[in-house]
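Welcome, and thanks for opening the viewer. Could you keep the selection tool at hand while we walk through a few stops together?

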Amino acid sequence: MYLKQIEQLVVLQKVDDEIVILQDELKRAPQQITELEKRRQEIESTAEIIRDKLKYLGDQQKRLDTEIEGDSVRLKKSKSKMMLVGNTKEYHAMMREMDNLEKQNRGREEEKGTVAEELSRQNIELKEIDERSKSLDVELAAARQTLDERIRLAGARLTELEARRKEAGQAVPKPILSRYEFIRSRLKNPVIVPVNAGVCTGCHI
């Protein structure tokens, strides 16, 4: 009689173990979608920051182009005026102005090169982020497609296991079943363990 009860408790434990796994699956399945959506949002936020940087750098590049072009025009005009200079003082003043314009333009050309390098780096980074975003979109779409099916199968299996649990529980006396339920609520699996040479393999006493 006791062996039959122990057998039913072992069956009950196996059923309970699978129920725990399925309940965990039902809990984790939507969480996986949420985590993927969170990662997708984080990637999009990073991409938006880079797009803002690219816009700023593009504006800087346009500004520098305009200033360089303007100074080049002024420099040409100054060179033309050199032909009309009437004395040494005016000549030196014109030379200083031209030197300043050339110096400004060199500085702007260097700045333009730095901006171009940063634009290139940010564009590469944005491309990498876009690729990660597309990959994540595929993963997210697949996860959403399978979510309903996973939940349906897990729910159906849980219904089946609950019926088996009820059946197994009926073969065990209520005091023993209550003791099993009490231990299971307090300790992690397993509740039913073998005894080897008089030593419990669960608590080692």
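Start by selecting R108, which is buried because its relative accessible area is 18%, below the 20% cut-off. Keep in mind as you look around that this is a predicted model.

E67 itself is partly exposed, with a relative accessible area of 26%.

Which residues belong to the network joined by salt bridges that share partners? Select R63, E67, D71, R74, R108 and E111 together, and you have the network. Side chains of opposite charge can pair when their charged atoms come close.

Now zoom in on R63 within that group. R63 forms a salt bridge with E67, and here the closest N and O atoms are 3.0 Å apart. Both residues are in helix 1, and because they are 4 residues apart, about one helical turn separates them. R63 counts as partly exposed, at 31% relative accessibility.

Next, move to D71, found in helix 1, which covers residues 2-82. Is D71 buried or exposed? D71 is buried, as its relative accessible area is 5%. To see what surrounds D71, show L101, Q104, N105 and R108: these are its contacts once neighbours within four places in sequence are set aside.

For another salt bridge, select K55 and D59. Their closest N and O atoms are 3.4 Å apart. Both lie in helix 1, 4 residues from each other, or about one turn of the helix. K55 counts as exposed because its relative accessibility is 56%, over the 50% cut-off. D59, at 39% relative accessibility, counts as partly exposed.

Finally, select helix 2, residues 88-170.

Terms used. Residues are numbered from 1 along each chain as its sequence is written. This is a predicted model: local features need pLDDT of at least 70, side-chain atom pairs count only at pLDDT 80 or more; totals for chains, interfaces and linings use all residues. Side-chain values use heavy atoms; hydrogens and water are left out. Helices (H or I, at least four residues) and strands (E, at least two) are DSSP runs, numbered from the N terminus. Buried means under 20% relative accessible area, exposed over 50%, partly exposed in between (1.4 Å probe, protein chains only). Contact means heavy atoms within 4.5 Å. The expected span of a helix is 1.5 Å times one less than its number of residues. A salt bridge is a side-chain nitrogen of Lys or Arg within 4 Å of a carboxyl oxygen of Asp or Glu.
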